[in-house]
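Biologist: Before we discuss this model, I would like each label that you attach to it to be set against the rule behind it. Could we go through it in that way?

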Amino acid sequence: MADEIESRAVNIDINGKLKRFDIDDPVLPAWIEEHALASGGYPHDDKLDKDKYAKQLEKLQVELVKVQFWLKATGKRMMALFEGRDAAGKGGTIFSINAYLNPRSARVVALNKPTETEAGQWYFQRYISHFPTSGEIVLFDRSWYNRAGVEPVMGFCTPDQYKDFMKAVPRFEDTISDEGIIFFKFWLDIGREMQLKRFHDRRHDPLKIWKLSPMDIAALHKWDDYTEKRDAMLERTHNKETPWAVVRANDKRRARLNVIRHILSLDYEGKDKEAIGEIDDKIFGFGPKFLK
């Protein structure tokens, strides 16, 4: 698998200075190691202690099980989508949510590129087919927002398709809200050095190498393009009914805990507020203003 990824060294513009990055070199450059956690304006000096994280996570996962029972009892439907740059931690966050839920009424949806048939459908159609039924939880690992970021940046859609999507998606999500589906949107935000560190970790870990794709390498020079599309997406599609929850995710542990705490803001039976704790507003906020 590792040999399938093209070897190349690139010069990357970091704050106006060109830095050399060779993902195939097993030694992580010091300029990445030293600045990864603080990159992107991350507010904490250290990662959350592993033992503290495990204890807090277990309490929150107990609450998630209560939410699942409540959904089943009331017939309510819940779904959440997770977006962010490559290596932002979407999959791990979803796993931490889903780990102890009953798989009969909790699903993770991570779609491949559209088939020929799907490419000819209304853009939202293949996603709607995965929406939750009564008492069910659905977690989208990437979603229709591919058309707001990856597709226009990488040239997988036309400018008109992008424009039409940005016009249509608020109305589409208004329908979701009107339908009564409990709906969360999460954007996991990471700094550039942290992304490079995670790419490098994947390249040299035989258990993670499958996570690194040629597209990740191709996107190394497109950081600013992705930032522009992220900002436009948040500005256009953040509203009161379907807000974007934005999480600074350089520390995966803190990010996961705060995502779950936000989900647990629901008014469900048996809720233990003390076990849930408080959201860290240094790393968790709403909409485009939180990243400015």
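Modeller: Let us begin with the second largest pocket of this predicted model, where β1 (9-14), α8 (192-203) and α10 (223-237) each supply at least two residues of the lining. The largest share comes from α10, with five residues.

Biologist: What makes a residue part of the lining of that pocket, and which residues are closest to its centre?

Modeller: A lining residue has an atom within 4 Å of a point of the pocket. The space in the second largest pocket comes to about 380 Å³, and of the 21 residues that line it, Asp 13, Asn 15, Arg 192, Trp 223 and Asp 224 are the closest to its centre. By class, the lining divides into ten charged, six polar and five nonpolar residues.

Biologist: Why is Asn 15 called exposed?

Modeller: Exposed requires over 50% relative accessible area, and Asn 15 has 76% relative accessibility, so Asn 15 counts as exposed. Asn 15 is found in the loop between β1 and β2 (17-22), and has a positive phi of about 55° although it is not a glycine.

Biologist: Ala 87 also has a positive phi without being a glycine; is Ala 87 buried or exposed?

Modeller: The phi of Ala 87 is about 75°, and its place is in the loop between β3 and α3. Buried means under 20%, and Ala 87, at 6% relative accessibility, therefore counts as buried.

Biologist: What makes a space a cavity, and how many cavities of 30 Å³ or more are there?

Modeller: A cavity is a set of points where a 1.4 Å probe fits but cannot get out, and by this rule the count comes to two cavities of 30 Å³ or more. The largest cavity has a volume of about 220 Å³; of the 22 residues that line it, the closest to its centre are Gly 84, Arg 85, Val 150, Trp 187 and Tyr 226. Two or more lining residues come from each of β3, α8 and α10, and α10 gives the most, with five. The lining of the largest cavity divides into ten nonpolar, eight charged and four polar residues.

Biologist: How do you know that the second largest cavity also belongs in that count, and which residues line it?

Modeller: The cut-off for the count is 30 Å³, and the second largest cavity has a volume of about 50 Å³. Its lining is made up of Ser 39, Gly 40, Tyr 42, Asp 189, Ile 190, Gly 191, Arg 248, Ala 249 and Asn 250, which divide into three nonpolar, four polar and two charged residues.

Biologist: Turning to the sheet, why are β4 (106-109) and β8 (284-286) said to stand at the edges?

Modeller: The open sheet has six strands in the order β4-β5-β3-β6-β7-β8, with mixed pairing. β4 and β8 each have a single partner strand, so one side of each is left without a neighbour in the sheet. Neighbouring strands are turned by 20° against each other on average, direction ignored.

Biologist: How do you know that β3 and β5 pair, and in which sense?

Modeller: Two strands pair if there are at least two bridges between them, and strand β3 (residues 78-84) and strand β5 (residues 137-141) have five bridges, in the parallel sense. Met 79 stands opposite Val 138 in β5. Helix α3 (residues 90-98) packs on this sheet, touching β3, β4, β5 and β6 (182-189), and its direction makes about 165° with that of β5. Helix α11 (residues 252-263) lies across β3, β6, β7 (244-248) and β8, at about 160° to β6.

Note on methods. Residues numbered from 1 in each chain as written. Predicted model: local features only at pLDDT ≥ 70, side-chain atom pairs only at ≥ 80, totals over all residues. Heavy atoms only, no water. 1 Å grid on protein atoms, 1.4 Å probe; cavity = no way out; pocket = protein on both sides within 12 Å on 5 of 7 lines; lining within 4 Å. Points joined across faces, edges and corners; volume = space filled by probe spheres on them. Helix = DSSP H or I, 4+ residues; strand = E, 2+ residues; numbered from the N terminus. Nonpolar A, V, L, I, M, F, W, Y, C, P; charged D, E, K, R; others polar. Axes fitted to C-alpha atoms, helices over the stretch in contact; angles between N-to-C directions. Contact = heavy atoms within 4.5 Å. Buried < 20%, exposed > 50% of the residue type's maximum accessible area, 1.4 Å probe, protein only.
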